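Subject: Structure for you to look at

Hello,

Here is the structure for you to take over. My notes on what was found follow below.

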Amino acid sequence: MTKPLKDETNICFGCSPNNPIGLKMEFEDDGDVCRAYYTARPEHMGWNDVVHGGLVATMLDEAMGRWLWVRNLITMTAEMTIRYSKPVPVGVRLTVESSGVSQKGKLIEMTARIILPDGSLAARARAKFLKVGPGNLPEKGDAE
Ligand SMILES: CCCCCCCCCCCCCCCC(=O)SCCNC(=O)CCNC(=O)[C@H](O)C(C)(C)COP(=O)(O)OP(=O)(O)OC[C@H]1O[C@@H](n2cnc3c(N)ncnc32)[C@H](O)[C@@H]1OP(=O)(O)O
């Protein structure tokens, strides 16, 4: 199922190990959830040890894009809404998770969240992705 994410042609800003300025997020799949444990670095700061909001959006977008990618759903982000509930600090281990919500034709709705070490929710995203390639969202419980 999983595409070769470590391919040297992968230069994705979010997940590629080959992009020198990328986030280099590493995801694992856990059933219906795609998850990364990620510690943002000082260069990801907006100010005052808080991760830049645009990079928070990038982490969430990446988690959702990655969830779709490993399921052979070739998509692009068409719309994303983020609730920034708490500052996301640099230098702490974050949990970044995504899951699928629904599909209607080419439109796939996704959700993602960033959880702080104390278990509290720092940010959550709701997004619409549009398919630009084959594949459909698996039914819940489908073998992958
Ligand atoms: C070799 C190894 C490589 C490994 C590699 C690994 C990478 C693994 C991780 C990847 C992780 C990436 C995560 C980041 C993902 C990005 O960042 S993608 C980049 C950011 N997004 C973009 O650049 C998208 C820019 N937009 C577009 O290209 C186009 O608008 C789209 C989204 C492809 C849609 O194009 P389209 O299909 O021509 O759109 P269009 O005909 O206007 O609309 C189609 C239908 O969708 C509807 N629609 C369009 N937008 C919306 C919307 N926002 N809401 C509701 N309906 C909508 C339309 O109304 C239309 O409906 P119908 O009329 O058919 O009923």
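Among contacts in the protein between residues at least 6 apart in sequence, what percentage join residues at least 24 apart? The share is 63%, where a contact means two C-beta atoms, placed from the backbone, within 7 Å.

Two points on conventions. This is a predicted model, in which local features need pLDDT of at least 70 and side-chain atom pairs count only at pLDDT 80 or more, while totals for chains, interfaces and linings use all residues. Residue numbers start from 1 along each chain as its sequence is written.

Overall form

The protein has one helix and eight strands, in the order β-β-β-β-α-β-β-β-β from the N terminus. Helices (H or I, at least four residues) and strands (E, at least two) are DSSP runs, numbered from the N terminus. The C-alpha trace spans about 45 × 35 × 25 Å along its principal axes. The radius of gyration of the protein is 15 Å, which agrees with the value near 15 Å for a compact globule of 144 residues; this radius is taken over C-alpha atoms, and the globule rule is 2.2 Å times the number of residues to the power 0.38.

Sheet

Six strands form an open sheet in the order β1-β2-β6-β7-β8-β5, with antiparallel pairing; strands pair if DSSP finds at least two bridges between them. Because β1 (27-30) and β5 (75-84) each have a single partner strand, they stand at the edges and one side of each has no neighbour in the sheet. β6 and β7 run antiparallel and are joined by nine bridges. Gln-103 has Ile-108, in β7, as its bridge partner.

Buried residues (20 or more other C-beta atoms within 10 Å of their own, C-beta atoms being placed from the backbone) make up 28% of the 144 residues.

Met-64 lies in helix α1 and counts as buried because it has 30 C-beta neighbours inside 10 Å. Beyond four places in sequence, Met-64 is in contact with Ser-98, Met-110, Ala-112, Ala-127 and Phe-129.

Regards

Terms used. Buried ≥ 20, exposed ≤ 12 C-beta atoms within 10 Å, placed from the backbone.
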